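Please find below a short note on the model you passed on. The coordinates come first, and the comments are numbered so that they can be answered one by one.

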Amino acid sequence: MIVNEIIAIDHGLKKDEYKKICELLKRTPNITELGIFSAMWNEHCSYKSSRLHLKKLPTKGKQVIQGPGENAGVVDIGDNDAIVFKIESHNHPSFIEPYQGAATGVGGIMRDVFTMGARPIANLNSIHFGSTQHKKTKNLLRGVVHGIGGYGNCMGVPTIAGQTSFDSSYNGNILVNAMTLGLVKKDKIFYSKAAGLNKPVIYVGSKTGRDGIHGASMASASFDDKIEEKKPTVQVGDPFTEKLLLEACLELMAGDSIIAIQDMGAAGLTSSSIEMASKGNLGIEINLNKVPCRETKMTPYEIMLSESQERMLIVLENGKEEQAKTIFDKWNLDFAIIGKTTKSKKIELYFDSKKVADIPVNTLVENSPMYDRKWKKAKLPKKNKINKNDINNLRIIEVLKKILANPNICSKEWIWQQYDHTVMGDTIQKPGGDSGVVRVHGTNKAVAASVDSSAVYCWAHPLTGGKQVVCESFRNLISVGAKPIAITNCLNFGSPENEENMGEFVECVQGIGEASSYLKFPVVSGNVSFYNQTKDQGIKPTPSIGGVGLINDYTKMITMDFKEVDNVVLVIGKTEGHIDQSLFARVILNEKNGPPPEINLFNEKNNGETLLKLIDDNLIKSAHDISLGGIITALSKMCIKGNKGIKLKKPKYLISEIEYFFAEDQGRYIVEISKKDQKKVLDILNKNAVHYDELGTINENMLFLNEKTKVTIDELKGFNTTWLKQYMSN
Amino acid sequence: MKSAVITFPGSNCDRDMDVALKKFGFKNKMVWHQDVELPKSDLVVLPGGFSYGDYLRCGSMASKSTIMQSVINFANSGGMVMGICNGFQILVETGLVPGVLLRNKYLEFICKNVFVKINNKNNGYFKNISNDVLELHIAHNEGNYFCTNDQLKEIEDNAQVAINYCDPNGKIEEPFNPNGSIKNIAGIFNKKKNVLGMMPHPERMIDSSLSGEDGSYFFKNLINNLK
C-alpha cells in the first residue's frame, strides 16, 4: 500500500503532521511506519496539547523519588520502603465495551506499577456515569463494576476506595479512572531507560493478537454515531495471565539481570520499544518474526500496533537469557528474544528478512508535535436567584432525607461489595471511609489513599475547582490520620481543539498546581484524557486526583464512625453559608448558577495540619471531612456508621439553620473528642488560630435539633443505603 | 505443628494463609503445584484465589495438578486437608467432599463479613472451640453450595455440614444466606471429618485492626487440637 495524505488522515493525523513526518524522514513513510507515527503522535501518547501546561505543575518534594515521565511516580515512606502509584483513564473503551474496557484499565495501571518492581497493594477507582434516568447508565455501571472487580479480584489486589458520580454530561461518554499503589524497596526500583549496546530485547507475557489495534488513536478522537464499529479497538483482558506475569516479573526482578523494563500499554510494542530506546538514547532492532503471535499471518503493521494485554518488554544483561527464560517457563508465559539494542538511535524492524521500518527515534519522541492550543478564559459564573426567605421555610429533615438518598451521596456499598477489599490481609480501612488504608506488610506503617473529583465546581469555575479537588484529597487523607505525601492526576476533559474546553483544562491545571504547590503535595504521575465528548458536546471538566499519605503508627488511624455516647462533636473550619453550586442548591432548589465555594489555602493547610497534630496526640476519636451536602450530611454518615445519634445546637451565627447545615464551605472537618480532652483540644485550636464550632454531643440513636426537627439514625440509614441497591435491582 | 500451603497458578490467598498459620505457631511450607511429594505435614491447606483463572470451571484444572494426587492420598490416609474458598472449589472437583459450588444467586461477587454457626464440633477443626458463632469474611463469585437431595440426606445423616451462614446470634435463616447455598451451607466435611472445605476466609480475620478477630479463635483452636 502506497501511503498518501488521505491514508494519513484516516490514521488520525493532521495534514501538517503528515507533512512534517515526510520532512523528518526525507521520504514518504511506508504503512508500518505511518502506523507507528500515528500511534506515537496521537494525543494519548504524545500529550501534544497538554505538555506545555503540565510543565507548570509542581513535581518535586522531599519524599519524591520519581516524578512524572516514568511508568508511575515513586515516593519515599522511610525505612527503605517506597510507594509507586499512578492513576489512568480508560474512558472510551469502557463506554464501548464496559466490562473489558474497565477490566483492562485496571490491568494496565497495575502493570505500570509492577513494571517498576513494586508489588501492587491497593487499587482505587473513580467512575462517572450519565444521568440515572439515561437508558444506558444501568448497564454501563453494572458492566464497569463487574469489569473492575473481575480483574482486580483475580489479581488478588484489594480495591480499597473509590468514587462514583452521576451527571448527564457523561451520558455519551462515561469516565473510568483506575489507580494502583505498589510497594517496593527503594534500592530495587526498575526504570524504562535502556542502556548498553547489543543487549538482548526480550518479549514476555501473552501472545500478540489483533485486538486493540489503534486503541490509543481511538482514545484520541471524539465519539460519533459509529462508535459501535470501534468495538474491535477495545482490548480483551486476561487477569489470570497478568497474575502470572506479575509473579514472574517480581521473581526475575529479585535478581540483577534486568537493565530496563517497560509494559506494553497504549500503542503496545511501538511505544514500549521507542520509550526504552529514547530514554537510553539508543537504537533498537527487532525481528518481528520472533514476536509470539496468537493469530496467523499478522503483518508488521498489526504486530506493532496491537494492544493485546499482559505483555512486557525487557532489556536484559547479556548472558542472563537462560536464567530469565527458566522463570517465565515456570509460570507458563511466552518468552522470546526479539531483538537487541543498537547504537543507530533508530527503530529498525525486520520481517521475513526485509527491513520494514527504519525511523530515527528522536523524530517520534522529541520531534513529536506540541501545540499551544488557543483557549478561552472561563466565563464568570452567573448570579443565581436563590431567595433566602424561601429556603428558610424548608424542613431540614425532609431535605436531609432527599440528600442522603441522592445518587451522588448515597452509600456505594452495592459497588464496593463486589470488589475484594480484604485480600492480602492488610486492609485496615475499607471502602466507604474518607480514604482506604492498607498496612505496609509486616511494619507499623500504613498507607492511605483516596481519589476525588468535583466536576460541578470545576465546571462553574475551573480555577477554583482545580484547587478544590487537591484540597479535598488533602482533607480525605488527614481525616484518617495520614500525612499527605503526593498526588497523581487523571485529567478528563473535552476536546482540546475547542477553545472553551481547552480553557477549562488550562485553568483547572493552574488550580491544581497552585494548591499542590501551597500544600507541598506534589504531582508525581498522571494521565490526560481529552476528547471526552460526543459530537461537539464535552463532559464537565473532571480532573480526578489520587492522593497518597502515610500513617507512621497504624494504631493511630482514625475512622469516621461515632464512637461513644456523651462525646463532644466539633466543626473545625469556618462556615460562611456558601450555598451556590452545593448539592442542596442543585438537588433541592434546582439552581445551577453561581460560583463554587472559595478555597483559602492558608486555612486549608492550617486546619489540616492542626487536626493531624490533634490526631497524633491521641485527642481525636473520629473525624470526617465536610464535602458534598455540608455539615449535616457529613454528620449523618458518622451517625450511620457508628450507629449513634447526636444532639445538635446550631452555633449563634447570622446565617440560617438551612444555610449552616447544607453549605459547602471548604476546609472543614467534623471531629469527635471526649469531654475530658475538650479543654486541651480547644487550647490547641485557639493557639493555632483555627476556627471551630461546638456542635453537640453524641447520643444513642437520634439526630436531634429540637422536638420538631429530629429523626432516628435507622431511618436515615434506610434513606442512605437503599437507593443504589434498588436502582440496580430493577 | 507442620503445615503446607499449595500454590497453584492464580492462587492469591496463599501468602495470607502462610502469614496466618505462622502467626499461630505452625511451621509452614509453601508447596508448588508441580511438586510430586508433599512435605511431612500435620495440615495441608488449599488456599483461595483464582487457580487457572477459574477457566473451564472454578477449581477444575487445579484438581488435576501434579501435587493433588499426593494431597488426595494424604486425605484418604486420614490427613487433615482444609480448602478455603477456591480451595473448597478444588476439593469438590476432586470429589474429596460432596456437592458443587455454583455461581452466587445474585450473580455478583460478594466481599463482606458474615456470621457462621458451627454445626459440628466433633472433629479436629472445631473440637474444643468455645464459640458457637464466628464472624468471618467471604469474598467469592461461586460459593453457592448445591447437591442432590440424596446427597443432602447423606451429608446430614453423617453430620458433614461444618458451618452454616447465620445471623449474629446463630439463627440460620434465608436472609443471612449471602449466595443462595442450599440450607445456608458455608462449609462441609468429608465422611471422616478430616477434610474441610469452606467459603469463608478465617485468615483475613486474625487481628483487631482487620475486619475482626474470630479467625484467630479458629486457628488457635486448630493448632491446639493438632498438638
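The points below go through a predicted model, chain by chain and then element by element.

1. Overall build of chain A. DSSP runs in chain A come to 26 helices and 28 strands. Its radius of gyration is 26 Å, close to the 27 Å that the globule rule gives for 730 residues, so chain A is as compact as a globular protein of that length. Along the principal axes, the C-alpha atoms of chain A occupy a box of roughly 85 × 50 × 45 Å.

2. Burial and contact order in chain A. Of the 730 residues in chain A, 61% are buried. Taking the contacts in chain A with a separation of 6 or more, 85% are between residues 24 or more positions apart.

3. Overall build of chain B. Chain B has 5 helices and 11 strands. Chain B has a radius of gyration of 16 Å, which agrees with the value near 17 Å that a compact globule of 227 residues would have. The box filled by the C-alpha atoms of chain B is roughly 45 × 35 × 35 Å along the principal axes. Buried residues are 54% of the 227 in chain B. For contacts in chain B between residues at least 6 apart in sequence, the share that joins residues at least 24 apart is 74%.

4. The nonpolar core. The largest nonpolar core has 292 residues. Which of its residues touch the most other members? They are Ile83(A), Val84(A), Ala446(A), Val447(A), Val470(A) and Ile670(A). Leaving out residues up to four places away in sequence, Ile83(A) touches Val75(A), Ile77(A), Leu181(A), Leu183(A), Val447(A) and Val548(A).

5. Helices H7 and H10 of chain A. Helix H7 (residues 98-114) of chain A packs with H10(A) at an angle of about 5 degrees, and their axes are 11 Å apart. The angle makes H7(A) roughly parallel to H10(A). From H7(A) the contact takes Gly107(A), Met110(A), Arg111(A) and Phe114(A), and from H10(A) it takes Pro239(A), Glu242(A), Leu246(A), Cys249(A) and Leu250(A). These residues comprise 6 nonpolar, 1 polar and 2 charged.

6. Helices H23 and H26 of chain A. The axes of helix H23 (residues 630-642) and helix H26 (residues 713-729) of chain A cross at roughly 105 degrees and come within 9 Å. H23(A) is therefore roughly perpendicular to H26(A). Ser636(A), Cys639(A) and Ile640(A) of H23(A) meet Ile713(A), Leu716(A), Lys717(A) and Asn720(A) of H26(A). The class count for this contact is 4 nonpolar, 2 polar and 1 charged.

7. Helix H3 of chain B. Is helix H3 (residues 86-94) of chain B largely enclosed or exposed? In H3(B), 9 of the 9 residues are buried, so the helix is largely enclosed by the rest of the structure. Among the buried residues are Phe88(B), Ile90(B) and Leu91(B), and also Gln89(B) and Glu93(B). The buried residues of H3(B) pack against strand S3 (43-46), helix H2 (66-76), strand S4 (80-84), strand S5 (100-102) and strand S11 (195-198) of chain B. Just after the helix, Gly95(B) has a positive phi of about 85 degrees.

8. Most residues other than glycine have a negative phi. Asp79(A) is not a glycine, yet its phi is positive, at about 55 degrees. Asp79(A) sits in the loop between strand S2 (73-76) and strand S3 (81-89) of chain A. With 12 other C-beta atoms within 10 Å, Asp79(A) is exposed. Asn618(A) also has a positive phi, near 60 degrees. The loop that holds Asn618(A) runs between helix H22 (601-616) and strand S23 (622-625) of chain A. Asn618(A) counts as exposed, with 10 C-beta neighbours inside 10 Å.

Conventions
Residues are numbered from 1 along each chain as its sequence is written. Chains are lettered from A and ligands numbered from 1 in the order in which they are written. This is a predicted model: local features need pLDDT of at least 70, side-chain atom pairs count only at pLDDT 80 or more; totals for chains, interfaces and linings use all residues. A nonpolar core is a set of buried Ala, Val, Leu, Ile, Met, Phe, Trp, Tyr and Cys residues joined through C-beta atoms within 7 Å. A residue is buried if 20 or more other C-beta atoms lie within 10 Å of its own, exposed if 12 or fewer, and partly exposed in between; C-beta atoms are placed from the backbone. Two residues are in contact if their C-beta atoms, placed from the backbone, lie within 7 Å. Helices (H or I, at least four residues) and strands (E, at least two) are DSSP runs, numbered from the N terminus. The radius of gyration is taken over C-alpha atoms; the globule rule is 2.2 Å times the number of residues to the power 0.38. Axes are lines fitted to C-alpha atoms, for helices over the stretch in contact, and angles run from 0 to 180 degrees between N-to-C directions. Angles under 35 degrees count as roughly parallel, over 145 as roughly antiparallel, 65 to 115 as roughly perpendicular and the rest as oblique. Ala, Val, Leu, Ile, Met, Phe, Trp, Tyr, Cys and Pro count as nonpolar, Asp, Glu, Lys and Arg as charged, and the others, Gly among them, as polar.
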